[in-house]
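Trainee: I would like to learn how to read backbone and sheet features in a model. Could we go through some of them one at a time?

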Amino acid sequence: MNAQKNPTICLIYLICGDELVELLHNSLASLKMTNARPDVIIYTSSSSYAKIEKIVDQYSPQLSIEVIEFIKSSNSLDISNYSNYGTQGFNYITSIKWDVILKTLDKHYETVVYADCDLVFIADFSDYIKSSSHIFACGIQSESSPSFPPNYCTGFMYFTRGAADFLKKLSTVNVAYAHKYNDQDVFNMIIKENPHVVKDLLALPEALFQNGLLYQTHSGAKFPELVGELRPYLFHANYVIGVENKINLLKRSKLWFLLE
Ligand SMILES: [Mn+2]
């Protein structure tokens, strides 16, 4: 790892499948363009390790990135390829997320931020998360659903050690349901069963931590008399399924930074 002085935030990705490496590449490119300099750890499988290492080299020394081989094949599932949303492979891989976050907290970071690779950083989120993590041990992206409790999105979230018990519960429940539900289903099921938990969760503001529904804020003409300007921290290309659709959404939103 390179020259960061005691960063308190570690940003982690969980990558399973070569098809995701291009999205990861774009996400890292976007991070480098901001002033955010968390330590970065990419957890991946043996099959994608070499490909990711090669990309990571291009970001040194500006970004401090470690690649860790973590995802193990299970007997019944092939995880060498990308598993689409809704499949059993997707559910299995995303069920690992909670343990990976706990494992990273054990490295003595104050805050662990998890990001999906279909997510683009637009501005430095560090100060926001440092401040909010003093009040909330967990902050999580919201899907902008017209419902309460909110429908949370596990594609971007942060945790401090104060949320360790909650993470352990998520892990236990998720492992039991991995044959049927993904990590986000499990997260939202736990909240629905006990809605008072929302008091301890920060739903990150959708205008600043944007989900795919907000893509129009990046395209189209601006109203010239508007005196303010929206300054989001990130955009998550969710609400679209499949790598190609995600890339197209990012291109449409002018958030694709890799050369053709
Ligand atoms: Mn995603």
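Mentor: We can begin with a loop. His108 sits in the loop between α4 (97–105) and β4 (111–115). Keep in mind that this is a predicted model.

Trainee: What is the phi of His108?

Mentor: The phi of His108 is near 70 degrees, which is a positive value in a residue other than glycine. Ser144 also belongs on a list of positive values, with phi near 60 degrees in a residue other than glycine.

Trainee: Where is Ser144 found, and how many other C-beta atoms lie within 10 Å of Ser144?

Mentor: Ser144 is in the loop between β6 and β7. The count is 18 other C-beta atoms within 10 Å, so Ser144 is partly exposed. The reasoning is that a residue is called buried at 20 or more and exposed at 12 or fewer.

Trainee: Which peptide bond involving Pro149 is cis?

Mentor: To read this feature, look at omega. The bond from Phe148 to Pro149 is cis, with omega near 0 degrees. Pro149 lies in the loop between β6 (138–142) and β7 (152–160). Another cis peptide bond runs from Ser60 to Pro61, with omega near 5 degrees. Pro61 is in the loop between α2 (46–57) and β3 (64–71).

Trainee: Which residues is Leu213 in contact with, leaving aside neighbours within four places in sequence?

Mentor: Those contacts are Ser144 and Tyr239. Leu213 itself is placed in the loop between β9 (209–210) and β10 (234–236). With 14 C-beta neighbours inside 10 Å, Leu213 counts as partly exposed.

Trainee: How far apart are Leu213 and Ala237 in sequence and in space?

Mentor: Sequence separation and distance in space are read separately. Leu213 and Ala237 are 24 residues apart in sequence, and their C-alpha atoms are 8.5 Å apart in space.

Trainee: What is the strand order in the open sheet of three strands?

Mentor: The order is β5-β10-β9, and the pairing is mixed. At the edges are β5 (119–121) and β9, each of which pairs on one side only.

Trainee: In what sense do β9 and β10 pair?

Mentor: They pair in the parallel sense, over two bridges. To see this in the model, find Phe209, which stands opposite Leu234 in β10.

Notes
Residues numbered from 1 in each chain as written. Predicted model: local features only at pLDDT ≥ 70, side-chain atom pairs only at ≥ 80, totals over all residues. Helix = DSSP H or I, 4+ residues; strand = E, 2+ residues; numbered from the N terminus. Contact = placed C-beta atoms within 7 Å. Pairing = 2+ DSSP bridges.
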